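User: Hello! I am new to this structure and would like to get to know it step by step. Could you show it to me?

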Amino acid sequence: MPIEEIHQMALKAVPSLGIATVYRTLKSLLEEGIIKTVELPGQPVHYEEAHKGHHHHFFCNSCHGVFELEKCPGDIHQLAPKRFQVTDHEIILYGACADCAKS
Ligand SMILES: [Zn+2]
Ligand SMILES: [Zn+2]
């Protein structure tokens, strides 16, 4: 979720919490490897728990929601040319989520 949303959630527990404190907390959680960032083109950085392991994301063009996908096609490293070493990949699907596709 984006930092604004995290801040809104945290405010319910600690009404005086400033966004600077949220930034600092996220930074140290990142350094400790507890959370990681998800970068989507044109979107604020999303934060999610790091322990979830390898997965991908679906971005809804209508509500700008970010959804986690459980599956990975797995063998896409073979798309790279011969002798190229692939160390990681990112897959983002774009479209409309179930709620937005209905309306
Ligand atoms: Zn949507
Ligand atoms: Zn994957």
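This is a predicted model: local features need pLDDT of at least 70, side-chain atom pairs count only at pLDDT 80 or more; totals for chains, interfaces and linings use all residues.

User: How many helices and strands does the protein chain have, and in what order do the elements run?
Analyst: Residues are numbered from 1 along each chain as its sequence is written, chains are lettered from A and ligands numbered from 1 in the order in which they are written, and side-chain values use heavy atoms, leaving out hydrogens and water. Helices (H or I, at least four residues) and strands (E, at least two) are DSSP runs numbered from the N terminus. The protein chain has three helices and five strands, in the order α-α-β-β-β-β-β-α.

User: Is the protein chain a compact globule or more spread out, and what is its radius of gyration?
Analyst: The globule rule is 2.2 Å times the number of residues to the power 0.38, and the radius of gyration is taken over C-alpha atoms. For 103 residues the rule gives 13 Å, and the value for the protein chain is well over that, so the chain is more spread out than a compact globule, with a radius of gyration of 17 Å.

User: What share of the residues of the protein chain counts as buried?
Analyst: Buried means under 20% relative accessible area, exposed over 50%, and partly exposed in between (1.4 Å probe, protein chains only). Of the 103 residues in the protein chain, the buried share is 22%.

User: Which residues coordinate the zinc ion (ligand 1)?
Analyst: Donors are N, O and S atoms within 2.8 Å of the metal (3.2 Å for Na, K and Ca); water is not among the atoms, so sites may look incomplete. The donor residues here are spaced C-x2-C-x33-C-x2-C in sequence. Among them, C63 in the loop between strand 3 (56–60) and strand 4 (66–69) and C100 in helix 3 (residues 98–102) link distant parts of the chain, 37 residues apart. At 2.3 Å, the zinc ion (ligand 1) is held by the SG atoms of C60, C63, C97 and C100.

User: What is the arrangement of the four donor atoms around the zinc ion (ligand 2)?
Analyst: The donors are H54 (NE2), H56 (NE2), C72 (SG) and H89 (NE2), at 1.9 to 2.2 Å. Four donors count as tetrahedral if all angles lie between 85 and 135 degrees. Around the zinc ion (ligand 2) the angles are 102 to 116°, which makes the arrangement tetrahedral.

User: Where does H57 lie, and which residues does H57 touch?
Analyst: H57 lies in strand 3 and, at 4% relative accessibility, counts as buried. Contact means heavy atoms within 4.5 Å. Not counting residues up to four places away in sequence, H57 touches V38, E48, V66, F67, E68, L69, I91, I92 and L93.

User: What is the phi of R83?
Analyst: Most residues other than glycine have a negative phi. R83 lies in the loop between strand 4 and strand 5 and is exposed, with a relative accessible area of 81%. Although R83 is not a glycine, its phi is positive, about 70°.

Conventions: Four donors count as tetrahedral if all angles lie between 85 and 135 degrees; four count as square planar and six as octahedral if opposite donors are over 155 degrees apart and all others between 65 and 115; anything else is irregular.
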